[in-house]
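Reader: Could you walk me through this structure slowly, starting with a single residue and working up from there?
Author: Gladly; let us look at it together.
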Amino acid sequence: MKINISRQSIYLISLSFVLLIFILLFAFLLLIPEGKTYRENRLVVKKESAELRKYQQYNDETQERLKELQHENRHIITAFDTDFNPSRFEKQYAKYFSDLKLKQETRLDDEKSFIVYEVNTSSKINSPQSFYDFLDALNKSDWIISVNFPINFVRENMLIKSSFKMKVYADPMESNTTSSEEL
Amino acid sequence: MKYSYTNRRRKSPITHELQLLFMFFSITVFMLLATYAFLLFKDYKFAQNLVAMQQERYDLNISLKSMDEEIIFIQKQAQLSEGVYTRNTVLKDSIANMFDLVPSEITLSEASLLENGLVLKGITPNKDVYNFMLQAPLRSIFHRTYSSFYPIGNGWLRFVSTNYIDKEAQEEEEVDEDED
């Protein structure tokens with residue numbers, strides 16, 4: 001039996017075969033590895049984006065917490081940021097005293113990394129009640145101030161002469177600038 | 001001269017079969033190439049996204065760190081101010097208690113509140129009033145109480161009362177209270 005295949009057919013078959021080989025090689029050597037890389041990359045991106053979302057969520061939560069804290073402690077933050085002004089202090093608290101004078105202001109050692117100034121005060125009051133009112137008002141003042149020992153009360157005719165020390169707390173210099181920038 | 005009635009067939013190397021074959025393979029190759037290009041493009045996009053996301057995460061990390069520092073700082077401020085406010089309130093109560101302690105029979109002329117003590121100066125009609133009405137409560141508060149008297153003209157006595165709290169004894173008491 002003789003199979004009669006024309007020359008044309010042989011060309012056709014060989015060309016088909018070459019093209020088929022090319023396609024197979026292309027698919028197995030390039031396309032499939034690339035597909036694998038694509039799948040791997042897609043997983044990595046998915047993982048990364050999930051992690052990023054988690055970060056973003058945590059970031060948002062922290063920001064919320066910070067805002068809440070800033071809102072709650074607005075008065076305190078401003079008080080720590082405000083420079084102590086003796087004449088303004090005298091003006092503000094004059095109503096509690098018959099006479100109020102602030103003496104020298106000295107810088108003490110830092111306390112918990114906050115700057116501390118000591119101010120000596122001499123004043124005259126009508127009754128101890130004025131002093132209690134002053135202490136109450138001090139807790140709402142524009143600065144963070146604590147009254148410290150020694151506190152002296154001396155009767156002087158109808159008035160009580162009082163002298164005491166006050167500690168004024170202020171932000172450390174570096175955070176002073178950062179917190180004011182951020183606020 | 002024409003020997004045939006049929007027109008001659010034009011012969012071309014690109015036969016119909018070859019055209020069909022080319023068409024088939026070109027479509028296949030095009031699809032494969034398109035898929036490959038799509039994958040390459042996607043990979044490039046993924047790489048870009050990954051870099052962007054990593055940068056974003058880095059930025060978020062920085063902002064988180066600064067916010068955390070800010071939170072700690074505000075907490076520190078709040079803690080310190082809370083301490084200051086409490087000290088002022090306690091001081092107010094201490095001064096009020098001190099003035100309440102002095103009976104109406106005794107007149108104070110000077111009072112000094114120290115870190116660990118109290119110095120009172122004033123006049124009393126007699127020693128008994130002082131001892132029972134002022135010294136007794138003072139003794140219950142302070143660890144050491146010293147009193148001295150100077151007579152003044154009208155039979156009254158000027159007194160100086162110095163009272164101290166010993167820090168060590170106070171610490172011991174605090175420990176005892178904690179244990180209870």
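Reader: Let me start with Lys42(B): is it buried, exposed or partly exposed?
Author: Before anything else, please keep in mind that this is a predicted model. Lys42(B) has 16 other C-beta atoms within 10 Å, and because a residue needs 20 or more to be buried and 12 or fewer to be exposed, Lys42(B) counts as partly exposed.

Reader: Where in chain B does Lys42(B) sit?
Author: Lys42(B) is placed in helix α1 of chain B, a helix that covers residues 16-101.

Reader: How far apart are Lys42(B) and Glu69(B) in space?
Author: Going from C-alpha to C-alpha, Lys42(B) and Glu69(B) are 40 Å apart in space, while in sequence they are separated by 27 residues.

Reader: How many residues does each chain give to the contact between chain A and chain B?
Author: Chain A contributes 57 residues to that contact and chain B contributes 51. On the side of chain B that touches chain A, the elements giving two or more residues are α1 and β1 (107-113) of chain B, and α1(B) gives the most, with 42 residues. Sorted by class, that side of chain B has 29 nonpolar, ten polar and twelve charged residues.

Reader: OK, and how does one describe two helices that pack together?
Author: Two packed helices are described by the angle between their axes together with the distance between those axes.

Reader: What are those values for α4(A) and α1(B)?
Author: The axes of α4(A) and α1(B) are 9 Å apart, and the two helices pack at an angle of about 170°. Since an angle over 145 degrees counts as roughly antiparallel, α4(A) and α1(B) are roughly antiparallel to each other.

Reader: Which residues of α4(A) meet α1(B)?
Author: From α4(A) they are Pro128(A), Phe131(A), Tyr132(A), Leu135(A), Asp136(A) and Leu138(A), and among their partners in α1(B) are Leu91(B), Ile95(B) and Phe99(B). By class, this contact of α4(A) with α1(B) has nine nonpolar, one polar and two charged residues.

Reader: What about α2(A) and α1(B), at what angle do their axes cross?
Author: Those axes come within 10 Å and cross at roughly 90°, which means that α2(A) is roughly perpendicular to α1(B). In this contact Ile76(A), Ile77(A) and Phe80(A) meet Ile74(B), Gln77(B), Ala78(B) and Ser81(B), and the residues involved divide into five nonpolar, two polar and no charged.

Reader: Which residues of α2(A) are buried?
Author: The buried ones are Ile76(A), Ile77(A), Ala79(A) and Phe80(A). Seen down the axis of α2(A), they fall within an arc of 165°, so they line one face of the helix.

Reader: Which residues touch the most other members of the largest nonpolar core?
Author: That core has 29 residues, and those touching the most other members include Phe80(A), Leu135(A) and Tyr169(A). Leaving aside neighbours within four places in sequence, Tyr169(A) is in contact with Phe80(A), Phe114(A), Val116(A), Ile144(A), Leu80(B) and Val84(B).

Reader: New topic: is the peptide bond from Phe149(A) to Pro150(A) cis or trans?
Author: That bond is cis, with omega near -5°, and Pro150(A) lies in strand β3 of chain A. Most peptide bonds are trans.

Reader: And what is phi of Asn157(A)?
Author: Phi of Asn157(A) is near 55°, a positive value in a residue other than glycine. Asn157(A) is located in the loop between β3 and β4 of chain A, and with 7 other C-beta atoms within 10 Å, Asn157(A) is exposed.

How values were computed: Residues are numbered from 1 along each chain as its sequence is written. Chains are lettered from A and ligands numbered from 1 in the order in which they are written. This is a predicted model: local features need pLDDT of at least 70, side-chain atom pairs count only at pLDDT 80 or more; totals for chains, interfaces and linings use all residues. Helices (H or I, at least four residues) and strands (E, at least two) are DSSP runs, numbered from the N terminus. The arc is that of the directions from the helix axis to the C-beta atoms. Axes are lines fitted to C-alpha atoms, for helices over the stretch in contact, and angles run from 0 to 180 degrees between N-to-C directions. Angles under 35 degrees count as roughly parallel, over 145 as roughly antiparallel, 65 to 115 as roughly perpendicular and the rest as oblique. Two residues are in contact if their C-beta atoms, placed from the backbone, lie within 7 Å. Ala, Val, Leu, Ile, Met, Phe, Trp, Tyr, Cys and Pro count as nonpolar, Asp, Glu, Lys and Arg as charged, and the others, Gly among them, as polar. A nonpolar core is a set of buried Ala, Val, Leu, Ile, Met, Phe, Trp, Tyr and Cys residues joined through C-beta atoms within 7 Å.
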